[in-house]
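Here are some friendly notes to read alongside the model. Could you keep the structure open while you go through them?

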Amino acid sequence: MSLTTLGLELPTDPRWVNIAAMQIGDVLIDHAYCEQKAASSCISLIVHYPEKAKLVETLTPIVAEEWGHFQRVLKELKKRNIPLGRQRKDEYVGQLLKLVRNKGDYEEALLDRLLICALIEARSCERFKLLSESLDDEHLQKFYRELMISEAGHYRTFIELAEEYIPQEIVRNRWKELLYNEAEIIQTLSPRGDRMH
């Protein structure tokens, strides 16, 4: 799986995976919250757009899948006697959410929310791939490979949902803008071993 496959403009700083490997407990804690937030984001979309039957039908199983991933990460923490601890501030997601156009157009906000979810999934998938290839722990290599495969299609699902409700050309143009914005955000953030993003 390459950046081209995922649509991302900029690869993760190669230093990140080395730092993350040394702080794998912190990465697992942050990862657990990422899975919980992914499930919550899908629930939020369902609650805000219940009249969009295709969206509800598509996102409902993803909620269950993401929550299942949350439970799997909790098991990895338990194995290592690491408590979940408090949620940490996610600067990456926080900056992405500032790009959502909430004022005015209802469809614009839907488009942005779906595409931000797509971006987060794509970046997470890229990082799972890096962990699956770089960690010394064979069990965690397999764990992250399985999650990478499981989540690989989610970002496409969010883009396809956007195209279900908004003309494809508008979706593609906004996606290009957000990919550029996401690359800028990635460049401004220092690689941290205690964060998944």
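This is a predicted model: local features need pLDDT of at least 70, side-chain atom pairs count only at pLDDT 80 or more; totals for chains, interfaces and linings use all residues.

1. The salt bridges in it come to 18. A few of them are worth a look one by one.

2. Please start with E107 and K52, whose side chains form a salt bridge with an N to O distance of 3.4 Å. The two partners come from distant parts of the chain, 55 residues apart: E107 belongs to helix α6 (residues 106–134), while K52 sits in the loop between α3 (24–48) and α4 (53–79). Their surroundings are worth noting too. K52 counts as buried because its relative accessibility is 10%, under the 20% cut-off. E107, with a relative accessible area of 27%, is partly exposed.

3. K79 and E76 are joined by a salt bridge, and their closest N and O atoms are 3.2 Å apart.

4. The salt bridge between R80 and D137 has its closest N and O atoms 3.3 Å apart. Here R80 is in the loop between α4 and α5 (91–97) and D137 is in the loop between α6 and α7 (138–151), so this contact ties together parts of the chain 57 residues apart in sequence. R80 is partly exposed, with a relative accessible area of 25%. D137 is partly exposed as well, at 32%.

5. Do look at the network too: salt bridges link R101, E108, D112, R174 and E177. One of its members, R174, is among the buried residues of α9.

6. That brings us to helix α9 itself, which covers residues 168–188 and has 21 residues. From its first C-alpha to its last, α9 reaches 30 Å, close to the 30 Å expected at 1.5 Å a residue. What are the buried residues of α9? Besides R174, they include V171, W175, L178, L179 and A183, along with I185 and I186. N181 and E182 are also on the buried list.

Notes: Residues are numbered from 1 along each chain as its sequence is written. Side-chain values use heavy atoms; hydrogens and water are left out. A salt bridge is a side-chain nitrogen of Lys or Arg within 4 Å of a carboxyl oxygen of Asp or Glu. Helices (H or I, at least four residues) and strands (E, at least two) are DSSP runs, numbered from the N terminus. Buried means under 20% relative accessible area, exposed over 50%, partly exposed in between (1.4 Å probe, protein chains only). The expected span of a helix is 1.5 Å times one less than its number of residues.
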